[in-house]
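Please walk through this protein with me, from single side chains up to the whole fold.

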Amino acid sequence: MKKISIIIVTFNSSNIIKKCLDSIINNNDIGEKLEIIIVDNNSDDVECVSSIIKEYYQGKIVFVKNNKNGGYGYGNNIGIKISSAPIILIMNPDVILNKPIFQELYSSFTNHNVVIVGLQQYENEHRKGRSFLMLNTSIFELIFYKIYKLLNIYNQKHCCFSGACFAIRKEIIENIGYFNENIFLYGEEKYIHLSIACKIKKCKFLYNKNISYIHPIENRVNSDKQVIMGLQSSEYIHKVFGLNYKRSYRQMINMYKFMKIISLVRNNFKKLKLIENTLNILYTHFPD
């Protein structure tokens, strides 16, 4: 019987997938009880990905070729539905493991109230990344988040785990109706967090700092298109859960204004430019 099923959704990922898969296999401490499922979202390089899997991982990986790109959640749902383990590990194709994690990850679910487990994220071998994200955007939430991040303490009322790599019980993701496929990209972790919090009583979101992964996003900057997609996902999530999006949007603008002042005080002109660009997008897409 499988213990953990890893789901990796690829889209034009042929240049990074081998490093990811090598790190998984080299750090597999549960042997045949680990299942690896790759779902390709109709990539231009799907045949290249297929060739890599056939050449290096024949028989070790389940590979699914989608005939359309229905989004990140769509791809993950396909992988989850064909998985056979009780624990699902959602993983981005650029994630790299640098030590065995699976035995301890499985043990993290010993308490039945634990429904989801977050891992310690690193941007490189030494620099910690964003293991968890803000659930809400405001000046006060930003201050809380900075404190939580500094102390490396997770608070499930204020934060959700990074979607780059997290584990969840299969029965729980089924219970909440899987990933919401109306969210094409960005915001999936927030939707899942809120869905669990609304539907599952006495649920525990566990942050296990002893389990880590590398997500090499250091100095990565989101494009305008990515920022807009994130805003669209946020608006949709607010509607689904009956939240006041206009109020949240105003709070978000105030938060970025606050961040702009801090960047000016610190003479951090690189960050200042990014914040000003985000503010311009926010002003342009302010809801009617």
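**Salt bridges and their surroundings**

Q: How exposed is Lys 260 in relative accessible area?
A: Lys 260 counts as partly exposed. That class lies between buried, under 20% relative accessible area, and exposed, over 50% (1.4 Å probe, protein chains only). The relative accessible area of Lys 260 is 28%.

Q: What kind of model is this, and how are residues numbered?
A: This is a predicted model, where local features need pLDDT of at least 70, side-chain atom pairs count only at pLDDT 80 or more, and totals for chains, interfaces and linings use all residues. Side-chain values use heavy atoms, without hydrogens and water, and residues are numbered along each chain as its sequence is written, from 1.

Q: Which residue meets Lys 260 in a salt bridge?
A: A salt bridge needs a side-chain nitrogen of Lys or Arg within 4 Å of a carboxyl oxygen of Asp or Glu. Here the N to O distance is 3.7 Å. The pair links distant parts of the chain, 16 residues apart: helix H9 (residues 245–265) holds Lys 260, and helix H10 (residues 269–284) holds its partner.

Q: Which residue forms a salt bridge with Lys 65?
A: The closest N and O atoms are 3.2 Å apart. Lys 65 lies in strand E3 (residues 62–65) and the partner in helix H2 (residues 46–56), so the pair ties together parts 18 residues apart in sequence. The partner is Glu 47.

Q: In the salt bridge between Glu 123 and Arg 127, which residue counts as buried?
A: The closest N and O atoms of this pair are 3.0 Å apart. Arg 127 has 45% relative accessibility and counts as partly exposed. The residue at 15%, which counts as buried, is Glu 123.

Q: How far from Glu 189 is the nearest side chain of opposite charge?
A: Glu 189 sits in helix H7 (residues 188–199). Beyond four places in sequence, its contacts (heavy atoms within 4.5 Å) are Leu 133, Cys 160, Phe 161, Ser 162 and Gly 163. Glu 189 is buried yet has no salt bridge. The nearest opposite charge is on Arg 130, at 7.7 Å.

Q: What accessible area does the nonpolar surface patch with Phe 140 have?
A: Patch residues have over 30% relative accessible area and no salt bridge; nonpolar side chains (Val, Leu, Ile, Met, Phe, Trp, Tyr) are joined within 5 Å. The members are Phe 140, Ile 143, Phe 144, Ile 147, Leu 150, Leu 151 and Ile 153. Leu 151, in helix H5 (residues 139–151), is exposed at 52%. By the Shrake-Rupley method with a 1.4 Å probe, the patch has about 720 Å² together.

Q: How many helices and strands does the protein have?
A: Both are DSSP runs, numbered from the N terminus: helices (H or I) of at least four residues, strands (E) of at least two. The count is 10 helices and nine strands.

Q: What is the radius of gyration of the protein?
A: The value is taken over C-alpha atoms, and the globule rule is 2.2 Å times the number of residues to the power 0.38. With 288 residues, a compact globule would come near 19 Å. The protein agrees, with 19 Å.

Technical notes:
Lys and Arg count as positive and Asp and Glu as negative; His and the chain ends are not counted. Patches are made of residues with over 30% relative accessible area and no salt bridge: like charges are joined within 9 Å, nonpolar side chains (Val, Leu, Ile, Met, Phe, Trp, Tyr) within 5 Å.
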